[in-house]
Amino acid sequence: MKCATHHSEAVAVCVFCGRALCADCAKSCATQRIVCSDQCAAALTRADQALELILQKSLQSARAS
């Protein structure tokens, strides 16, 4: 697989958008997952926060039942 930007050999894949990344393009975000850009890192953070909120609400609902 080739890097989407540099067309060199890919060493990782962005966990948010799935873009292939070479060693120069791969960035680690706050959750220690590989992303291709700051935009993907921010979107991944928002998705994680939304998932956490859903899990909290589900737990509250289960306790109320």
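Reply: Helices (H or I, at least four residues) and strands (E, at least two) are DSSP runs, numbered from the N terminus. This is a predicted model, in which local features need pLDDT of at least 70 and side-chain atom pairs count only at pLDDT 80 or more, while totals for chains, interfaces and linings use all residues. Residues are numbered from 1 along each chain as its sequence is written, and side-chain values use heavy atoms, with hydrogens and water left out.

The protein chain has one helix and four strands. Read from the N terminus, the order is β-β-β-β-α. H1 covers residues 38–64, and the loop between strand E4 (34–35) and H1 contains Ser37. Ser37 counts as buried because its relative accessibility is 16%; buried means under 20% relative accessible area, exposed over 50%, and partly exposed in between (1.4 Å probe, protein chains only). The side chains of Ser37 and Gln39 make a polar contact at 3.3 Å. A polar contact is a pair of N or O atoms within 3.5 Å; within protein, one must be able to donate a hydrogen and the other to accept it, and residues adjacent in sequence count only if both atoms are side-chain atoms.

Within the helix, the buried residues are Cys40, Ala41, Ala43 and Leu44. E4 is included in what covers them. An α-helix has 3.6 residues a turn, so residues three or four places apart point the same way.

Ala41, in helix H1, counts as buried because its relative accessibility is 15%. Leaving aside neighbours within four places in sequence, Ala41 is in contact (heavy atoms within 4.5 Å) with Cys29 and Val35.

The largest nonpolar core has 11 residues: Cys3, Cys14, Leu21, Cys22, Cys25, Cys29, Val35, Cys36, Cys40, Ala41 and Leu44. H1 supplies the largest share of this core, three residues. A nonpolar core is a set of buried Ala, Val, Leu, Ile, Met, Phe, Trp, Tyr and Cys residues joined through side-chain atoms within 4.5 Å.

The cysteines need a separate remark. The structure holds zero disulfides, a disulfide being a pair of cysteine sulfur atoms within 2.5 Å. Cys14 is in none, and its nearest cysteine sulfur, that of Cys17, is 3.6 Å away. Cys40 is likewise in no disulfide, the nearest cysteine sulfur being that of Cys36 at 3.7 Å. Both residues are buried: Cys14 because its relative accessible area is 2%, and Cys40 because its relative accessibility is 9%.

Further along the helix, Gln56, also in H1, counts as partly exposed because its relative accessibility is 40%. The C-alpha atoms of Gln56 and Glu9 are separated by 41 Å, with the two residues 47 apart along the chain.

Thr5 is in the segment before E1 and counts as exposed because its relative accessibility is 52%. The C-alpha atoms of Thr5 and Phe16, 11 residues apart along the chain, are separated by 16 Å. His7 is in the segment before strand E1 (12–13) and counts as exposed because its relative accessibility is 59%. Phi of His7 is near 60°, a positive value in a residue other than glycine.

As for the overall form, the C-alpha trace spans about 55 × 20 × 15 Å along its principal axes. The radius of gyration of the protein chain is 16 Å, whereas a compact globule of 65 residues would have one near 11 Å. That radius is taken over C-alpha atoms, and the globule rule is 2.2 Å times the number of residues to the power 0.38. Buried residues make up 25% of the 65 residues. Among contacts between residues at least 6 apart in sequence, 7% join residues at least 24 apart.
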